[in-house]
Amino acid sequence: MSAPALDPVRTPSDQVSARPSKRSGTSARTTPARFDTALGWHDRPGVSWALRILLCAIALGIFAAPFLTILSGALSTHPSGSSLSFLPHDSTLLNFRVAGERGIWDYFTNSLVIAGGGLLLQLTVCVLAAYALARHKFRGQAIIMTLFMLTMMLPEEVIAIPLSLVLGHVPVVGVDLKGTVWGVILPLGAWGFSVMLLTEFMKDIPDEIEEAARLDGVGELRMLWQVILPLCKPALGVAGVLGFIMIWDQYLLPLIAAKDPTDYTVTVALSILRTDPEVGSGVVLAGAVIALVPSLVVYLLLQRSLVTGIAAGATKG
Amino acid sequence: MTATVTTPRTRRVRVPGKRAVLPWLFLAPGLLLALVFKFVPMGKGVWLSFFEVRPFLGDQWVGLDNYTRVLTDHRFQDAVGHTLLLGIGQSLGAIVVGFVLALLLEGQARSLKVIRAAVFLPVVTATAVVGELWRLMYYPTSDGLVNSALGFLGLGPTPFLDNPDTALWATMVMGIWMVAPYNMVIILAGLAGVDRTLYEASAMDGVSLRQRLRYVTLPAIRPAIGIVLTLAAIRGLRVFTEVYVLTGGGPAGSTEVWMTRAYTLGFTRNDIGGASAASVVLLAVTLLLTVTVNYFRKRGDVR
């Protein structure tokens, strides 16, 4: 591991820089900055400081720089694209034009419709279910909760083959959903993670708020829409951003729900561009950029929700 | 529906009648979707695994034949090894790398926040995009990105994805790259919970950095790490998209995992019965493992 040989603990006399430790919770006492981190990094120039900058640069190079290569590759005229670099050779939008001719914007539209519709359905369905589970008492509550948790154990991969049969002929109603956006949207509706997250959050809303509203004669739907939901905004943000990323990441589901390649989402369509002998990797990268942008936008807008959601999911799990 | 609740009954009560129906109305959409698109396919999968599925001719009951066929098939047996290696290696690697990243990037400074946000990018990127990216980064000639980095260190170009000996490891590295920043966030949340005065106290006592990590930092994040690691390893057993987009199971079946094999069987060779049996085996194993882990975890919580 990169545990550097910075052993600051032997020289406790040089703690001159003291600033309030923001995270020590209740106590307002001040501690030197280097007790803020597990490794005891110094935050003023020195060996430890320089080492940290170097390691940060390496981390950025490994985890973030490849995204620059996507962009520069997509903007390069270099036909084979075998040599990726961080800066484009001659910037051009040609790759995007070629990708457009191969129908990338149609795939992109498919993706947007599926992501928008899927997220709307998923949030609605999960909010309704969570409201019942958190704010009502009824027989069989534990079983229903377990059922929703079980849906997380049944990802598309495990049930792909029978699911594709079900999509071709939905039981009882007998509709063929294949080749429609509904074939992707509907299976994403009931997401156990979202139900659990929202249920946990709604349970913490004090009963008094609900009782007061009931005394005012507020009905069930208004209770949910005007009393409970506004209090759930943080949880909705988390469920929204994680739901979007989950839907945008879907690969197998759009693949099996498609009747022919024009039904593909943009992520699945990347493989079409790749296997097309007439276009080079620059065009594939242009497609990758197009597929990347929505996740980036959502991430940058809702970054805080995402991070709190992941941290909360880990401890509550 | 809304009219029924205007009675001044303030507590949520279990009274038979209209009130008792209400929660079920709210649950109906979710339960219906879960039933049709999760549980019916699951049941259908179990059912089909006992049949030889013949379109237009009618399915024929074959008992456990599909299971014995799948479990004795040497390509599936190879896939078990690959799946386990990939699942365990990827989860362990992602925890270690995530821990290192967390230690490196812990702190409140604005620059650190920006770096953390940038490092987190692989997590929000769709797997298919990551796959295309790494395919190009693994470009086999010396001007491929990874190969030129290796060339910088004096190592010769490696045909990562074209060589059966390296393809699985290359897939694992991509998987670690995708998941490590996610683990970093979880571990950072654990690190934030460490009492800062303990660091100061350990400094006063003159303990070494390694001891400090071992006795102060690790205990604080162990609960989070333990559960993340086990669940990730179980989830790793059903890995599909990473392998499918990066190598498609090749070269020469060297990265074939359980689910890519089942997919090939079901969708390209049209052996629905065999593919269903393979999926049921996987489902049973993951369910069993998850229930076991959760059981021990609950017991651990009580104690």
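How many of the 317 residues in chain A are buried, as a percentage? Buried residues make up 44% of the chain. This is a predicted model. Chain A holds 15 helices and two strands.

Start with the meeting of the two chains. Chain A brings 100 residues to the contact, and chain B brings 95 residues. On the chain A side, helix H6, residues 156-168, gives the most, with nine residues. What kinds of residue form the side of chain A that touches chain B? There are 62 nonpolar, 23 polar and 15 charged residues.

Now look inside. The largest nonpolar core has 165 residues. A:Ala129, A:Leu198 and A:Ala288 have the most contacts within it. The core draws on two domains of chain A, with at least three residues from each: domain 1 (8-63) and domain 2 (100-316). Leaving aside residues up to four places away in sequence, A:Ala288 touches A:Ile70 and A:Leu270 in chain A, and B:Val129, B:Glu132 and B:Leu133 in chain B.

Return to helix H6 of chain A. A straight helix of 13 residues would span 18 Å, yet H6(A) spans only 15 Å between its end C-alpha atoms. Where does H6(A) bend? The place is A:Pro162, and the angle there is about 55°. Eleven of the 13 residues of H6(A) are buried, so the helix is largely enclosed by the rest of the structure. Among the buried ones are A:Glu156 and A:Glu157, as well as A:Val158, A:Ile159 and A:Pro162 itself.

A:Leu163 is found in H6 of chain A. Is A:Leu163 buried or exposed? A:Leu163 counts as buried, because it has 27 C-beta neighbours inside 10 Å, and 20 or more are enough for that label. Its contacts fall in both chains. Not counting residues up to four places away in sequence, A:Leu163 touches A:Glu156, A:Pro187 and A:Ile256, along with B:Phe37 and B:Pro41. A:Ala257 lies 94 residues from A:Leu163 along the chain, but their C-alpha atoms are separated by 9.0 Å.

Next comes helix H8 of chain A, residues 192-203. Its twelve residues reach 16 Å from the first C-alpha to the last, close to the 16 Å expected. Nine of the twelve are buried, so H8(A) is largely enclosed by the rest of the structure. A:Leu198, named above for its contacts in the core, is one of the buried residues of H8(A). Others include A:Gly192, A:Met196 and A:Phe201.

Finish with two backbone details. Most residues other than glycine have a negative phi. A:Val172 has a positive phi of about 70°, although it is not a glycine. Where does A:Val172 lie? A:Val172 sits in the loop of chain A between H6 and helix H7 (182-185). A:Val172 counts as exposed, because it has 7 C-beta neighbours inside 10 Å. B:Ala252 lies in the loop between helix H11 (241-246) and helix H12 (258-268) of chain B. With 10 other C-beta atoms within 10 Å, B:Ala252 is exposed.

Key
Residues are numbered from 1 along each chain as its sequence is written. Chains are lettered from A and ligands numbered from 1 in the order in which they are written. This is a predicted model: local features need pLDDT of at least 70, side-chain atom pairs count only at pLDDT 80 or more; totals for chains, interfaces and linings use all residues. Two residues are in contact if their C-beta atoms, placed from the backbone, lie within 7 Å. Helices (H or I, at least four residues) and strands (E, at least two) are DSSP runs, numbered from the N terminus. Ala, Val, Leu, Ile, Met, Phe, Trp, Tyr, Cys and Pro count as nonpolar, Asp, Glu, Lys and Arg as charged, and the others, Gly among them, as polar. A nonpolar core is a set of buried Ala, Val, Leu, Ile, Met, Phe, Trp, Tyr and Cys residues joined through C-beta atoms within 7 Å. Domain bounds come from an automatic or database domain assignment. The expected span of a helix is 1.5 Å times one less than its number of residues. The bend at a residue is the angle between axes fitted to the seven residues ending there and the seven starting there.
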